[in-house]
Amino acid sequence: MRRRWRDGQGTLVVPGGGGRADAVSVPLEIATSYRARTKGLLGRDAIDGAMLLSPANSVHTFRMRIPIDVAYLDRHLKVIAVTTMKPGRLGMPRLRARHVVEAEAGVMAGWGLRVGVRVGIEEAE
(Lines give C-alpha, C1' and ligand atoms only; values in the text may rest on other atoms or scores of the structure.)
Protein backbone atom coordinates (compact mmCIF):
# COMPACT_ATOMS: atom_id res chain seq x y z
CA MET A 1 0.00 0.00 0.00
CA ARG A 2 2.70 2.46 -1.04
CA ARG A 3 1.44 6.01 -1.41
CA ARG A 4 2.88 8.17 -4.19
CA TRP A 5 1.66 11.71 -4.01
CA ARG A 6 3.12 14.71 -5.80
CA ASP A 7 3.68 18.25 -4.54
CA GLY A 8 0.44 20.17 -4.91
CA GLN A 9 -3.04 20.53 -3.53
CA GLY A 10 -5.50 18.06 -2.14
CA THR A 11 -8.04 17.39 0.58
CA LEU A 12 -7.64 15.84 4.03
CA VAL A 13 -10.77 13.86 4.92
CA VAL A 14 -11.39 13.26 8.63
CA PRO A 15 -14.23 10.77 9.19
CA GLY A 16 -17.16 11.70 11.42
CA GLY A 17 -17.09 10.84 15.08
CA GLY A 18 -16.89 12.51 18.46
CA GLY A 19 -20.41 13.88 18.12
CA ARG A 20 -20.24 14.58 14.35
CA ALA A 21 -22.18 12.50 11.88
CA ASP A 22 -20.39 13.59 8.73
CA ALA A 23 -16.78 13.77 7.60
CA VAL A 24 -14.74 16.98 7.64
CA SER A 25 -12.90 17.97 4.43
CA VAL A 26 -9.88 20.23 4.92
CA PRO A 27 -7.85 21.95 2.16
CA LEU A 28 -4.44 20.31 2.04
CA GLU A 29 -1.04 21.27 0.66
CA ILE A 30 1.00 18.19 -0.22
CA ALA A 31 4.79 18.35 0.14
CA THR A 32 6.63 15.24 -1.04
CA SER A 33 9.79 16.59 -2.64
CA TYR A 34 12.81 17.31 -0.47
CA ARG A 35 12.59 21.01 -1.27
CA ALA A 36 8.87 21.30 -0.45
CA ARG A 37 9.23 19.33 2.80
CA THR A 38 12.21 21.44 3.87
CA LYS A 39 10.32 24.70 3.31
CA GLY A 40 7.07 23.47 4.87
CA LEU A 41 5.34 26.22 6.83
CA LEU A 42 8.48 28.32 7.37
CA GLY A 43 7.94 32.06 7.10
CA ARG A 44 4.14 31.91 7.16
CA ASP A 45 1.87 33.83 9.51
CA ALA A 46 -1.10 31.51 8.89
CA ILE A 47 -2.19 28.46 6.93
CA ASP A 48 -5.54 27.78 5.33
CA GLY A 49 -6.18 24.13 6.09
CA ALA A 50 -3.24 21.77 6.58
CA MET A 51 0.02 20.56 5.08
CA LEU A 52 1.03 16.93 4.50
CA LEU A 53 4.74 16.11 4.65
CA SER A 54 5.56 12.73 3.16
CA PRO A 55 7.70 10.86 3.90
CA ALA A 56 8.33 12.27 7.36
CA ASN A 57 8.43 11.02 10.95
CA SER A 58 9.44 14.20 12.78
CA VAL A 59 9.27 17.98 12.44
CA HIS A 60 10.77 21.11 13.94
CA THR A 61 9.42 24.62 14.37
CA PHE A 62 12.66 26.59 14.14
CA ARG A 63 12.09 29.88 12.24
CA MET A 64 8.32 29.40 12.38
CA ARG A 65 6.12 32.31 13.39
CA ILE A 66 3.08 30.43 14.70
CA PRO A 67 2.42 27.45 16.97
CA ILE A 68 1.20 24.38 15.08
CA ASP A 69 -0.69 21.15 15.65
CA VAL A 70 1.17 18.10 14.38
CA ALA A 71 -0.43 14.72 13.62
CA TYR A 72 1.82 11.73 12.92
CA LEU A 73 0.33 9.12 10.57
CA ASP A 74 1.40 5.52 10.03
CA ARG A 75 1.58 3.86 6.60
CA HIS A 76 -2.18 3.17 6.70
CA LEU A 77 -2.94 6.87 7.40
CA LYS A 78 -3.97 6.11 10.97
CA VAL A 79 -3.13 8.85 13.48
CA ILE A 80 -0.57 7.56 15.99
CA ALA A 81 0.13 10.84 17.83
CA VAL A 82 -1.08 14.45 17.93
CA THR A 83 0.79 17.29 19.60
CA THR A 84 0.96 21.08 19.63
CA MET A 85 4.36 22.69 19.11
CA LYS A 86 5.43 26.26 19.82
CA PRO A 87 7.94 28.00 17.53
CA GLY A 88 11.58 27.05 18.14
CA ARG A 89 10.97 23.43 19.15
CA LEU A 90 12.27 20.08 17.91
CA GLY A 91 9.69 17.29 17.75
CA MET A 92 10.50 13.76 18.82
CA PRO A 93 10.69 11.31 15.91
CA ARG A 94 7.88 8.73 15.87
CA LEU A 95 9.25 5.39 14.74
CA ARG A 96 6.03 4.13 13.13
CA ALA A 97 5.20 7.45 11.47
CA ARG A 98 5.43 7.69 7.68
CA HIS A 99 3.60 11.00 7.15
CA VAL A 100 3.05 14.20 9.13
CA VAL A 101 0.13 16.63 8.94
CA GLU A 102 0.68 20.19 10.17
CA ALA A 103 -1.95 22.87 10.82
CA GLU A 104 -2.48 25.97 12.95
CA ALA A 105 -2.55 25.22 16.66
CA GLY A 106 -5.97 24.23 17.98
CA VAL A 107 -7.74 23.31 14.75
CA MET A 108 -7.17 19.55 14.71
CA ALA A 109 -9.37 18.96 17.76
CA GLY A 110 -12.20 20.76 15.97
CA TRP A 111 -11.77 18.50 12.95
CA GLY A 112 -11.97 15.40 15.18
CA LEU A 113 -8.37 14.46 14.38
CA ARG A 114 -7.13 12.34 17.30
CA VAL A 115 -5.14 9.17 17.96
CA GLY A 116 -6.74 6.14 16.32
CA VAL A 117 -8.57 7.98 13.54
CA ARG A 118 -7.81 6.88 9.99
CA VAL A 119 -7.84 9.82 7.58
CA GLY A 120 -8.18 10.00 3.84
CA ILE A 121 -6.09 12.03 1.43
CA GLU A 122 -7.38 13.02 -1.98
CA GLU A 123 -5.14 14.71 -4.54
CA ALA A 124 -6.55 17.55 -6.61
CA GLU A 125 -6.96 16.74 -10.29
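A residue is called buried here when its relative accessible area is under 20%, and exposed when that value is over 50%. The model is a predicted one, and every value below was computed from it.

**Residues in the loops and before the strands**

Leu77 sits in the loop between β4 and β5, the latter spanning residues 79-85. Its relative accessible area is 5%, so Leu77 counts as buried, the limit being under 20%. Although Leu77 is not a glycine, its phi is positive, at about 65 degrees. Arg63, which belongs to the loop between β3 and β4, also has a positive phi, near 65 degrees, without being a glycine. Arg63 is exposed, because its relative accessible area of 68% lies over the 50% limit. The loop between β3 and β4 also holds Pro55, which is joined to Ser54 by a cis peptide bond with omega of about -5 degrees.

Ser54 is also a partner of His99, a residue of strand β6: the two side chains make a polar contact at 2.7 Å. His99 is buried, with a relative accessible area of 6%, and beyond its neighbours within four places in sequence it is in contact with residues including Trp5, Leu53, Ala56, Tyr72, Arg75 and Leu77. Arg4, in the segment before β1, is 50 residues from Ser54 in sequence, while the C-alpha atoms of Arg4 and Ser54 are 9.0 Å apart. Arg4 is exposed, at 68% relative accessibility.

| Residue | Relative accessible area | Class |
|---|---|---|
| Arg4 | 68% | exposed |
| Arg63 | 68% | exposed |
| Asp69 | 4% | buried |
| Leu77 | 5% | buried |
| His99 | 6% | buried |

Which backbone nitrogens does the side chain of Asp69 reach? Asp69 lies in strand β4, residues 68-73, and its side chain reaches the backbone nitrogen of Val107 at 3.3 Å and the backbone nitrogen of Met108 at 3.3 Å. Leaving aside neighbours within four places in sequence, the contacts of Asp69 include Thr83, Thr84, Val101, Glu102 and Gly106.

Not counting residues up to four places away in sequence, Val101 touches residues including Leu12, Leu52, Val70, Leu73 and Met108. In soluble globular proteins, nonpolar side chains tend to be buried together.

**The second largest pocket**

The second largest pocket holds about 210 Å³ of space. Its lining consists of 15 residues, and Arg37, Leu53, Ser58, Val59 and His60 lie nearest its centre. Helix α1, residues 34-39, gives the most to this lining, with 4 residues. By type, the lining residues divide into 8 nonpolar, 4 polar and 3 charged.

Definitions and conventions:
Residues are numbered from 1 along each chain as its sequence is written. This is a predicted model: local features need pLDDT of at least 70, side-chain atom pairs count only at pLDDT 80 or more; totals for chains, interfaces and linings use all residues. Side-chain values use heavy atoms; hydrogens and water are left out. Helices (H or I, at least four residues) and strands (E, at least two) are DSSP runs, numbered from the N terminus. Buried means under 20% relative accessible area, exposed over 50%, partly exposed in between (1.4 Å probe, protein chains only). Contact means heavy atoms within 4.5 Å. A polar contact is a pair of N or O atoms within 3.5 Å; within protein, one must be able to donate a hydrogen and the other to accept it, and residues adjacent in sequence count only if both atoms are side-chain atoms. On a 1 Å grid over the protein atoms alone, a cavity is a set of points where a 1.4 Å probe fits but cannot get out, and a pocket is an open set with protein on both sides within 12 Å along at least five of seven lines; lining residues have an atom within 4 Å of a point. Grid points are joined across faces, edges and corners, and a volume is the space filled by probe spheres set on the points. Ala, Val, Leu, Ile, Met, Phe, Trp, Tyr, Cys and Pro count as nonpolar, Asp, Glu, Lys and Arg as charged, and the others, Gly among them, as polar.
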